[in-house]
Amino acid sequence: MNTLFTALVIILAGGALALLFSRRFVLMKMATIGTTSTGCVIGLLYSISHLLGYQAAIEKSWSWLHFFTLAFKVDSIALFFLVPIFTISPLALMYSFHYMENTEKSFRTAVNYFFFAVLVASMALVVTAANMITFVLAWELMSLSSYFLVVFDYQVKENRQAGYLYFIFAQGGAMLLFAAFALLYHSTGSFDFSSFSSIPEGPKLLIFILAFLGFGSKAGIFPLHIWLPKAHPAAPSHISAIMSGVMIKMGIYGIFRMYLLLDAATPLIGQIVLVVGMITGILGVVYALAKQDIKELLAYSSVENIGIILIGLGIGMVGVSEKNQAMAFFGFAGAFLHVFNHSIFKSLLFMGAGAVLHKAKSKNINQLGGLMKRMPITGKTFLAGSVAISGLPPFSGFIGEFLIYYGAFHGVSNHRLSFILAILAIVTLAVIGGLATACFTKVVGLAFLGEPRTEKAARATEAGLSINLVMIFMAIVCLVIGVIPEPFIRLSFAGIQGIAFTAGYNTREFMVIVDHISQTAVFFIGLVFFIGLLRKFLYKKKEIGSGGTWGCGFTQPTVRMQYTGTSYAAEMIDFYRPFVPTKTHYSGINKIFPGKTTWDTKVEDVAEIYYQRYLTQPILLVMNHLRWIQHGKIQLYIAYIVLTIIILLCLL
Amino acid sequence: MESIFSFCFAVLITPLLPAVIQKTKAFFAGKQGPPLLINYFTLIKLFKKGSVYSTSTSFVFQMGPVVGCATSLMMLLFFPLAGAAPIFSFHGDVLILFYLMGLGRFFTILAALDTASPFEGMGAAREAFFSTLAEATVFGILVLFYRLSGSLSFAEFFSSTSPINLSGAHAALLILVFIALYIVMLTENSRVPVDDPATHLELTMIHEVMILDHSGPDLALIELGAWLKLLFYAAFLTRIVDLFHFQNFWLNSLYFYAVVTFIYVTIGTVESITARLKMNMVPKFILTPFALVFFATILTMELIK
Amino acid sequence: MIPSADILLSLTLLSVLLALTSHRLILLIYTLAFQGIAVSLIPLFHEHNQAMTMGSILMLQVMIVIKGILIPGLMLSAVRKIKIPREIDPLVGYHASLFIGLIIIVVSAFIADRIQGSLPGKHSVLIIITAITTLASGLFLLMSRGKAITQVIGYLMMENGIYLFGTALAKQTHAQHIVEFGVLLDLLVGIMVMGILLNNINNTFDDVDTVHLGQLKH
Amino acid sequence: MLEFTCLIPFITGIITIFLPIRIGRGILVLTALVHFILTVMAWLGNAKPALPQYFSTSPEGLLVLLVTSFIFLFISIYAVSYLSETEITSEPIYIGCTLFFLASMSMAALADHLIVQWIAIEATTLMSAPLIFLHRSKSALEATWKYVLICSVGIALALLGCFFVVLAMEIGHVQGAITFTALNKAATQLNPLWLKTGFIFLVIGYGTKMGLAPMHTWLPDAHSEAPSPASALLSGALLNCAFLGVYRSHQLLFQAGLGEFSGNILIGFGLLSMLVSAVFIYNQTDYKRMLAYSSIENMGIIAFGVGVGGLATYGAVLHLIHHSLIKSSLFLSSGNILLGYGSKLIAKTGNMAKVFPKTFVAFFAGFVGISGFPPFGIFVSELLIIMGTFQQGRSISITIFILALVLIFAGASRLVMKMSFGKWDDEILLDETMARVLPSYALLLTSIILCIWLPDSLYQKILSAIATVGGSING
């Protein structure tokens, strides 16, 4: 525990160093990245070593403001969630070395590093917090620091709006959490987490739902996700990486922790989580498919992956309530592993998108293209990340989903509702997988392959060294997890060993399967190499020509004729139309010799539309009417006082 | 040993079978049709050639055929052909295999998009779309099979204590599954009425338009991969209707390939007597098997306690 | 002695009604001065305060000076400066104001009747009626008149009402004259501050109508 | 002698009116310092009242006095710098009135006698009126007029309330001084009906001064028109003094066993205030008015917390302290902004992060603090109020409470972000100086420090203050 706090102090010291050296740009970057990363590595070593040799939870507490205690507890779940925090943070920092290059914004960059350090530390505190005061304290610090990170480029209006939206969701979510905790406090009279399970069964569901909404607004469950696709494009890419890769998982952590602490008997909790997960997953990926801004797309893809993780958790919870140990075990373990995997490949993808934005000056798919030849490392690592996030073997994404599938298949032997839910979960996962494939073939195929659609994209070059190194490392990790999944699966098993219901589940049988998966992956890679060699052999001494793409008879192809992201996704979007509304604007042809004609389609978030229509607008309308109260006439002001007297006297 | 032999035989015979479809279609058209060995000739011809690569393409374009072919081979490696145990098998292999198939599709689509051709992009988009729908059906089938046999591997589906078989206890359900899987086969392999491999207008194609720019050995690998995939689905269907089971491996094989050939003939028949659907009707067509499978799965809730 | 107290109270009531109907500011201020003196005198005739101490007599004198002379004098000088001697366009017309004044008296009588039972000792109902009426009419003037100066007069009337309440109900306050003096001082300073403001309003807008004072809103 | 705390500012106030400006400024800061020392002495129990029938050191009074004195110290430092940058015709009067204002606020905090407290609170209105009128503009005139008239009417009603309390004494045959100390002891003998009536008038009267809706109408005008140091004083100190009146009335009713009645009224006022400020913060065009409405909101929160009782009351008192610190800091920053941009309109400000960095840090940090984020103390106090309210099982009111908080946050953050990050291409009229930024920093830092480490004496004082209204940390 002391090691962990030392690590946090070092991390924060790194942030402080940034402010200290803000005038010396390069020195500042080196100092803060070095120090903070050191802290993260210490923390990472601590959490992995404790996780693998897990004995019992370690606790520590201080008294604060006389009657609060700041209590921390490091159990297996906390340790597991510490791993992505301490893994991604140093990588994101190293990435930022060449990404944050604008010396004019020296001070702002320093502030950015400072809040980065605060964010990392507060996330670590969130997962180790052992009472509600500590938790909300860390939680609010996390929201606040990440807000500042989002508004880094505040000159752009969209970024400000994104920051605003994020701020509101963060605070609204926090209020829901406050309410949930307050209800708990009402029942237990104690701030301590460990007292939660003792409360009566009745309010548990309500508490969970409040907390679920509160945490969900951070995690990005549908329909509380709308800040995500705005905030992620607004933030600098390494910030998007850490937010999407790690911070939103804190919402998952919260949901799971709350579930464990409440230990409610009602099966409804698991069912709610599962169903919400399914909706979030499918709609997330469909929206991702519909978006043309890479970072926005990735943000929606995060929503999708949150859905997958929730499906895993939901499977686990249903397993617990069905007394199906295998289902619970694999559901939870799969969700955990996916948390870890997603943190890596999503960060990788955001970093890739950042490199593209940095060099090709655009993040709109329809303005990119042909980057694979111009930025080969970025392109290849992005490809690896895309395969991984689509859940395809032999990359990491598949392993987590496999565990969830495995758990869900165990649920098929259940009865009635939980059986139907298990089927739906499996089918949903399959559909999500297919759509994710479609979505990421779109990104890779249109942004990195083909011909550049704009001049800027054509002039793009490889991004800086630190950027490439980090991305290569992450891509390799994605492949390693996919090929040698065993240690990572063990890590996730270690993560859930603190859960009473699944404790003691015999995993030997499953480990054999894992071996087989690993072998299959190796065999497959071998087969690909073999066929590749065969192909090479076949091409030996053959004539290799090159020419333009076959235009099916069209003789003057231009780059603008390439398929665009919009048209690629159009049919699929159309299939989900009522949930994914498309706004089309067509200028029409109205002259004999038509001039410039435009066709413009935009996919709008249904949640956003409904918030607008049924929440924001009515509230604003009512408020605008109520503004009459302060009309400036003193006579009526006095009348208010008189009226108040009369009303209160009637109360007597 | 039998397994390896069976696998090798299947790979060898793969190019022969699609010719059956062509023959059937020719028969319906009153033509003589190409020789049965036509596809072998094609392969040899393609292997001999060199290639012309578009200047737009990158290494992904060359990877597409390799990965596509490898994934199709993987399917057959794990599938219990002709009553023999597959070369590899483990609990849960179906999941990784169908996902590997997704990987193959991933790279095929990328290879198509790599050419910067609007037509290939169009094909890629359709491929991506229709396969998401087909995938749901496949996993529905897996759920049902798991419910019936309690296993998650191809080998155990057909060899467990309650094997998946039309002659078994749940024949009624399996008929639904059979129809569903048949439609999935047509979809995944781009056959009529989802796609017409013989059409001449690129705008209406799905699979064929994606490989317009491939040539030489690359094209050969793609074709081989496609045939292997078709064989896999046909074999899958065959195992479901595997009414007889002989003790003799050779007899089994003979019977198996007879049924496989029959399925190919039916494909040819379907292609001869139906026209391809309008593109906007295809999703509906692909959703039909999903509905069937889902219905069948729900039924098991009552049937199997 | 009781009748003299009642006479004073009736006069006070009359002054209230007069204030509600008068549109000439000078007359309004005279009415107010009269009312201030009447209200100040009431404790003298009130049955509870038979025993007069030196302190209370001194207090009485100070009160008459402040309420009857000082404050009305201040107001008069203000009105003279303003040069618009009439309340034009009140928010509620004079006849309606009178009518409302009558209603207030009726309601006060009703309330006084209700609460009399719960009060200690024997009280004249009239003093409670007068107190409530004066208070309520003061508030009514504040709400219904547009001229800032009339509002000050309304405020003073309200204070008179409160003072009447004090005399009628809570005699303990009289034990501490310093406190009472503090209250009076506050009133006086308040009126001075208001007077300065009135003067400023007049200088700025050439008018003391609150119509000009409605710019700050929302 | 305790009364020195009120007397010294009064005397120095008179002196400064007749002295040259520069000496007057020095005396202002000096008096603030002396006042603070006196306050600390009173706090340590070294000052005994010379007139115990009128003054006493109640824990809640001492708390308010300490906050007032502490804030005044920093505001006076700021004011010196601020005044030298603004053209004011009658600065001696301004300084004098500021000191009178301090005197009357100290008196209100230390008063024990019902009517003396009334006198003091009424005096605060009169003494602060010239401060608001300082700029002599049309709008300042209007604001002052409304302030004086509405508050006078309100306070007059409070006097009536005092009379009713005395009546309740009489009916209950309670003899003795009309001091809160005496009344609290004999509270149960007081006549409940008249006590309740008295409370209604007291809460409306002092509530007017405190800015509880719907009697709040003067507050935004006055706060926005007053020069910023005066706004900071009004918001950070004056409202607390008025609140003290409400608090003590509530205390009296609680002691009389009528705590539920008065608590419910306070909750109602609190929620109404929060909702009203939510309505006006959204789409506000003037940043000082925005801060003023935020004061209404926070006074509502405090009233709400006190009304709920239990843990929430502890939260409310903490909230009072931190709100004073943060809000006065915000008003001081707004003074800088006004000097720099020359307009109170939000639309005419922007990009403070770039052009006004030091003030931006203070202003944004203040906003973050007032919105209830750590490491500022309002985070703790709001959390405690929410928890305390749930503990009492008041789920409907807490729902409204939370909704209002979210609405206000949504409204305010939009405006603050516009000011901080929005577009701005013009020149800055007056650069920020350390003298005008440091006081804001100091106040914010105090809030942070109090959130990390709460001195034991302060903690004990809060506990003893809330014990009399049914507040405790154990619920």
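**Conventions.** I count residues from 1 along each chain as its sequence is written, and chains are lettered from A, with ligands numbered from 1, in the order in which they are written. For this predicted model, local features need pLDDT of at least 70 and side-chain atom pairs count only at pLDDT 80 or more, while totals for chains, interfaces and linings use all residues.

**Which chains touch.** Four pairs of chains touch, and chains A and B have the most contacts among them. I found no contact between chain B and chain D, whose closest C-alpha atoms are 41 Å apart. Chain B does not touch chain C either, and their nearest C-alpha atoms are 55 Å apart.

**Chain B against chain A.** Here 60 residues of chain B meet 61 residues of chain A. I read helices (H or I, at least four residues) and strands (E, at least two) as DSSP runs numbered from the N terminus. Several elements of chain B each supply at least two residues to the side that touches chain A, including strand S1 (51–54), helix H4 (59–78) and helix H6 (118–149). H6(B) gives the most, with 17 residues. I sorted that side of chain B into 38 nonpolar, 16 polar and six charged residues. For this sorting, Ala, Val, Leu, Ile, Met, Phe, Trp, Tyr, Cys and Pro count as nonpolar, Asp, Glu, Lys and Arg as charged, and the others, Gly among them, as polar.

**Strands across the two chains.** Strands pair if DSSP finds at least two bridges between them. Strand S3 (residues 544–547) of chain A pairs with S1(B) in the parallel sense, over four bridges. Opposite A:Ser546 I find B:Tyr53 in S1(B).

**A hairpin in chain A.** Strand S1 (residues 58–64) of chain A runs antiparallel to S2(A), joined by seven bridges. A:Trp64 has A:Phe68 in S2(A) as its bridge partner. The two strands form a hairpin with three residues between them, and A:Leu65 in the turn has a positive phi of about 50 degrees. I called a residue buried if 20 or more other C-beta atoms lie within 10 Å of its own, exposed if 12 or fewer, and partly exposed in between, with C-beta atoms placed from the backbone. Strand S2 (residues 68–74) of chain A is largely enclosed by the rest of the structure, because five of its seven residues are buried.

**A:Leu435.** This residue lies in helix H16 (residues 416–448) of chain A. A:Leu435 counts as buried because it has 28 C-beta neighbours inside 10 Å. Beyond its neighbours within four places in sequence, A:Leu435 is in contact with A:Val285, A:Val286, A:Leu289 and B:Thr132. A:Leu289 is 146 residues away along the chain, yet the two C-alpha atoms are separated by 7.6 Å.

**Chain D.** I list 19 helices and zero strands for chain D. Of its 475 residues, 71% are buried. Its C-alpha atoms fill a box of roughly 70 × 55 × 40 Å along the principal axes. Among contacts between residues at least 6 apart in sequence, 83% join residues at least 24 apart.

**Chain D against chain C.** I noted 32 residues of chain D in contact with 31 of chain C. Helix H5 (114–132) and helix H6 (138–171) of chain D each supply at least two residues of that side of chain D. The largest share, 20 residues, comes from H6(D). That side of chain D divides into 23 nonpolar, four polar and five charged residues.

Conventions
Two residues are in contact if their C-beta atoms, placed from the backbone, lie within 7 Å.
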